[in-house]
Each structure stands twice: as C-alpha cells, then as structure tokens.
Amino acid sequence: MKVQCLKGFRDYLPEEMLQKDRMLRAVQQVFECHGYPPLMTPALEYSEILLGKYGEEGEMLLYRFRDNGDRDVALRYDLTVPLARVLAEHGEITMPFRRYQIAPVWRAEKPARGRFREFMQCDVDLVGADTAAADAEMLVIGSAVMKALGISGFRIRINHRGILGALCRLAGLSSAGEVEFLRLLDKLDKIGADAFRDQVGKISGIDEAGVESVLKIVLASTGDSRQVLQRLEDALGSDAEAASSIERMRKVLDLVEASGAAQQCHIDPSIARGLSYYTGLVYETYLDELPGFGSVMSGGRYDGLVGMFSGKDLPAIGISLGIDRLFSAIKEMDLLEDRSQPAEVLAVQFSEDLAPATFEVAARLRRAGIATVVYPREAKMKKQLQFAQKAGIPFVVVIGEDEKSRGTLQLRDMEKGSQQEITIEEAIRIIGAVVSEETGQ
RNA sequence: GUGGGUGUAGCUCAGUUGGUUAGAGCGCCGGCUUGUGGUGCCGGAGGUCGAGGGUUCGAGCCCCUCCUCUCACCCCA
C-alpha cells in the first residue's frame with residue numbers, strides 16, 4: 001500500500017493549521033462585525049440540485065457518485081447553489097437575508113499552484129436587495145477582510161455587466177460572440193493590445209473600428225475611479241444600459257468612500273469575470289505583490305441564481321474568498337507568524353516528584369485564561385527550554401524544590417532572556433498583560 | 001483535459017561516458033554542560049534513489065507504463 005494523500009488534496013499540519021485558523025477567525029470576525037450570521041449546509045447534495053448550474057465544463061468537475069442507498073449524490077461545488085437551495089426549502093426565511101459560510105468545496109480540476117481539488121471558501125451574500133447600498137456593502141466587507149488578514153497591497157477591480165454589454169455592442173456583437181469577446185477582454189492585460197486585436201478579429205461579426213473604440217476606452221481607464229467613471233460616461237453615455245450602470249457605480253463609490261474603503265477599489269472595464277450568471281456589479285481582487293497569483297476574492301451580483309429553485313427572481317450579491325489560495329499567498333509573502341504552539345507558557349517538569357506542583361500551577365494559569373502546556377516527561381532543563389524556544393512559546397515557568405517550599409515559581413521571559421522568582425498571582429498578572437497586548441494589536 | 005518539466009535522507013539539493021558500501025548543508029537524537037534556550041565543538045540515527053516492469057555482467061543514471069508535484073493553455077478561489 002502506498003501511503004499518500006489524494007491528488008489535489010492536502011494535509012494541514014498543526015503549525016500550518018494554527019495559522020490558517022487565525023486567518024479564518026479574522027475573516028469570520030469581519031463578517032459578523034458587518035451583521036452576517038453563519039450558515040452551514042451538508043457537503044453532499046442530490047446531484048440534480050447541482051446539475052445544470054455550472055455549465056458543461058463545471059459539471060464535469062463534480063465529484064458525483066451513488067451513496068449506499070443508491071441515491072445520486074455529489075459533493076458541493078460552491079456555496080452559492082446550496083444557499084439557493086436553503087432559501088427555496090425554508091419558507092420562513094425573510095428578506096433581506098444575510099449569511100456567511102466558511103466551508104470546503106470540491107472540484108475535480110487538474111491541480112496547480114494555488115489550486116486544489118478540496119479548498120475552503122468563505123462566502124458572504126446579501127439576498128433580497130438590488131441597491132447601491134447592497135453593492136457597496138460587499139466592497140466594504142471585502143476590503144475589511146483583506147485588511148484584517150494583514151494585507152494592505154491589494155486592488156479590488158470593479159466593473160459592471162452593463163458596461164460590458166455596451167462594449168460588446170460597440171464592437172458590433174450581439175449575443176453570439178459575446179462570451180468569446182469578453183474572455184479576451186479579460187485577458188487584455190496579460191496578452192496586450194496587439195494580440196487582442198489579432199484574436200478578436202477572428203470572432204465572426206466583429207466590427208474592427210468598434211474594436212478600436214473599445215480598446216481606446218479600456219486603455220484610458222486607469223487612475224482615479226471618479227475620472228474613469230466620467231470618461232466611461234463620455235464614451236458610452238448614449239447607451240442606455242451603460243448609462244444606468246455608470247449611475248449605479250457612482251452611487252456605490254459614494255458609499256464606499258463614506259466607509260473609508262475607497263483606496264483599494266478601482267473601476268476597471270476590462271474585468272469580465274465570468275460568464276453567464278452575473279447581472280450587475282462584478283469584482284476581482286489581486287495582490288500587488290503577486291499579480292500572477294490570480295484572484296483571491298471575487299464575486300458580483302447575480303439576480304437570477306438564488307431564486308432558481310423557488311421560481312421567483314431574488315436579487316443577490318456576494319463575495320467568495322479563497323482562503324487556501326490566500327494562505328499560500330500569505331506564506332509566499334512571508335506574512336505568517338512563526339508560532340507552532342498555541343501555548344503562552346511552558347511549565348517545566350522538573351522531576352516526577354514535582355509534577356503535581358507543576359500541574360497545579362498549570363491549572364491555575366489556565367483558569368486565568370492563559371494557554372499553558374506542561375512538558376510531558378521529566379527531562380533536562382536545556383531540552384525543555386529548547387522546546388519552548390523552537391515552538392515560539394514566550395514564557396516558561398519552573399517549579400523546583402526551592403520554589404515549591406517557598407510558594408513561588410521562576411518566570412522566564414524567553415525573548416528577553418530574563419527571569420524572576422515571583423508568586424503565581426504576579427506571574428498571572430505579568431503574562432496576562434503581555435498576552436492582552438499581543439491580541440489587542 | 002492538452003502539451004512540457006520534475007521526483008535521491010524530515011527539508012533544500014549534489015551524484016562524472018552506466019561500475020564496489022549513494023553524499024552535503026539544514027533539521028533530528030545524544031554528549032561537552034546533574035537548575036536554564038538561541039552560538040560553538042564532538043558523536044549518532046535516518047535512504048526498498050516516487051512505484052512497477054524492461055535493457056545490461058552491472059542501473060540513482062538508459063527504455064516503457066503508472067503515480068506525484070510543477071510550468072504553460074483552459075478555467076477558476
């Protein structure tokens with residue numbers, strides 16, 4: 001037997017998991033701070049719930065099989081379709097409905113750097129409000145999440161479906177070549193204007209003069225979002241759909257600015273994001289330091305999707321954050337803390353005879369809310385201190401014969417290398433102060 | 001899914017035209033140091049060379065198949 005993890009799946013060892021957990025808690029806290037409660041749904045759904053939602057290509061990526069009761073089931077592919085199912089199944093839910101969900105999803109894709117077959121998604125969605133306020137709320141949350149993760153160098157690139165529609169019309173396209181055209185537009189950054197002209201020219205029905213106008217508009221759309229929006233209005237304002245999209249984005253910008261989150265938000269008419277189901281605002285987030293890493297947080301407005309099971313159109317907008325990809329990115333950017341242990345204190349086990357005294361101290365520290373580990377066997381002090389140092393545990397307490405008889409302990413600050421003999425009450429006060437300072441940052 | 005790389009100790013990697021018993025650095029364990037970490041010195045453990053098959057007197061090295069990871073395309077978190 002070959003002992004190994006499935007292709008595209010991975011283990012997170014405790015040290016990594018501790019770091020990933022810290023990220024997840026930060027994300028969760030931001031979501032709840034904006035008034036979003038959690039939702040949990042099963043990993044498995046009936047296949048028919050998922051089929052027909054992701055297009056032909058997406059469907060092939062489903063993990064689908066028959067369970068022991070011969071039911072046709074599949075692992076969830078995202079968190080949006082399960083949300084739609086929940087809304088249709090639970091009539092008691094009222095609008096507007098906010099929820100976040102942090103859970104693994106499965107896609108049988110070919111794995112690559114930053115791309116896995118099992119990965120954690122963090123979704124927030126707001127259902128039941130097609131307003132600039134709802135749109136802006138997503139950008140505000142997205143920006144807050146990135147900052148909470150300690151990332152400041154990022155751009156949320158924002159576009160609107162209506163702009164894209166107008167650009168397609170300008171290029172002379174009806175619905176026929178739209179998808180292909182938008183896909184190329186999305187890659188414009190990467191392939192450059194010449195390759196874009198070249199490849200776009202192959203789409204049937206394309207208007208070459210129109211393509212030049214599109215290029216001119218898109219390439220001029222850099223810098224201040226207000227100005228970009230103004231230039232878009234000058235160029236596309238005669239198109240009714242574009243005009244209303246621009247008006248909407250202007251309102252969204254007002255609200256984002258009022259929230260103090262405008263710095264990282266950029267209007268960018270080349271963001272095509274997806275295909276079919278987006279109906280309004282769309283956005284993708286890129287890291288300044290790792291632009292080639294792909295989008296780490298994206299989403300948009302999809303007014304047709306959430307209501308698909310209930311038959312009625314429910315306006316909805318959401319964000320999806322790929323925490324595993326972001327984790328890899330943060331690791332590459334060297335933003336991770338190096339702590340392999342959640343403990344703040346190591347209690348040295350001086351000798352087996354003194355173990356009860358050590359356990360008593362450990363228990364009192366824990367009751368004071370200080371995470372404490374006891375070295376699990378009698379060993380040389382050097383060894384125990386080395387363990388604390390390698391694990392990044394900031395404090396060590398030592399209870400030897402002398403300390404025990406005096407009712408004190410030795411408190412060693414591993415970073416400073418200083419040590420003092422004090423009572424446990426004093427130790428709790430000192431450690432507690434340092435810990436709350438750390439977590440307060 | 002298509003095409004190209006890759007795989008040797010826990011990690012990063014050497015390994016000559018195919019030739020005895022496969023190496024280094026880091027890490028790990030022990031000692032110098034019987035109540036005190038980071039540096040130093042000494043010693044030690046650890047490898048079916050990704051797996052299976054083939055060619056050869058002889059394979060880590062050559063050939064085939066599979067697996068893994070990875071790069072590009074595609075798509076996406």
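Predicted model: local features only at pLDDT ≥ 70, side-chain atom pairs only at ≥ 80, totals over all residues.
## The five-stranded sheet

In this model, 5 strands make up an open sheet with mixed pairing, and their order across the sheet is β12-β11-β13-β14-β15. The edges are formed by β12 (372-374) and β15 (418-422), each of which pairs on one side only. On average, and with direction ignored, neighbouring strands of this sheet are turned by 25 degrees against each other. In general, the strands of a sheet pair through backbone hydrogen bonds, in either a parallel or an antiparallel sense.

One pairing can be followed down to its residues: β14, which covers residues 409-413, pairs with β15 in the antiparallel sense over 5 bridges. Within this part of the sheet, Leu411 stands opposite Gln420 in β15.

## Helices across the sheet

Helix α13 (residues 355-367) lies across β11 (345-348), β12, β13 (395-398) and β14, and its direction makes an angle of about 165 degrees with β12. Helix α14 (residues 381-391) lies across β11, β13 and β14, running at about 170 degrees to β11.

## A mostly covered helix

Helix α6 spans residues 161-170 and is mostly covered, with 8 of its 10 residues buried. The buried residues of α6 are Arg161, Gly162, Ile163, Leu164, Gly165, Ala166, Leu167 and Cys168. Among the elements that cover them are the strand β6 (154-160) and the helices α7 (178-186), α9 (208-219), α10 (225-236) and α11 (240-258). After α6 comes Gly172, a residue whose phi is positive, near 85 degrees.

A search of the whole structure finds 0 disulfides. Cys33 is in no disulfide, and the nearest cysteine sulfur, which belongs to Cys122, is 16 Å away. Cys33 counts as exposed because its relative accessibility is 60%, and the cut-off for that class is over 50%.

Cys265, by contrast, is buried, with a relative accessible area of 4%. The closest cysteine sulfur to that of Cys265 is in Cys33, and because the two are 17 Å apart, they are too far from each other for a bond.

## Salt bridges

Side chains of opposite charge can pair when their charged atoms come close. In this model the count comes to 26 salt bridges. One of them joins the side chains of Glu16 and Arg10, at 3.1 Å from N to O. Glu16 is buried, with a relative accessible area of 14%, whereas Arg10 counts as partly exposed at 26% relative accessibility.

Another salt bridge is formed by Arg197 and Glu212, whose closest N and O atoms are 2.5 Å apart. This pair links distant parts of the chain, with Arg197 in helix α8 (residues 188-200) and Glu212 in helix α9, 15 residues apart. Arg197 counts as partly exposed at 33% relative accessibility, and Glu212 counts as partly exposed at 35%.

A further bridge pairs Arg250 with Glu233, the closest N and O atoms being 3.1 Å apart. Because Arg250 lies in helix α11 and Glu233 in helix α10, the pair ties together parts that are 17 residues apart in sequence. Arg250, at 25% relative accessibility, counts as partly exposed, and Glu233 counts as partly exposed at 31%. Elsewhere, salt bridges that share partners join Asp130, Asp135, Arg248, Arg301 and Asp303 into one network.

Definitions and conventions: Residues numbered from 1 in each chain as written. Chains lettered and ligands numbered in written order. Heavy atoms only, no water. Pairing = 2+ DSSP bridges. Helix = DSSP H or I, 4+ residues; strand = E, 2+ residues; numbered from the N terminus. Axes fitted to C-alpha atoms, helices over the stretch in contact; angles between N-to-C directions. Contact = heavy atoms within 4.5 Å. Buried < 20%, exposed > 50% of the residue type's maximum accessible area, 1.4 Å probe, protein only. Disulfide = S-S within 2.5 Å. Salt bridge = Lys/Arg side-chain N within 4 Å of Asp/Glu carboxyl O.
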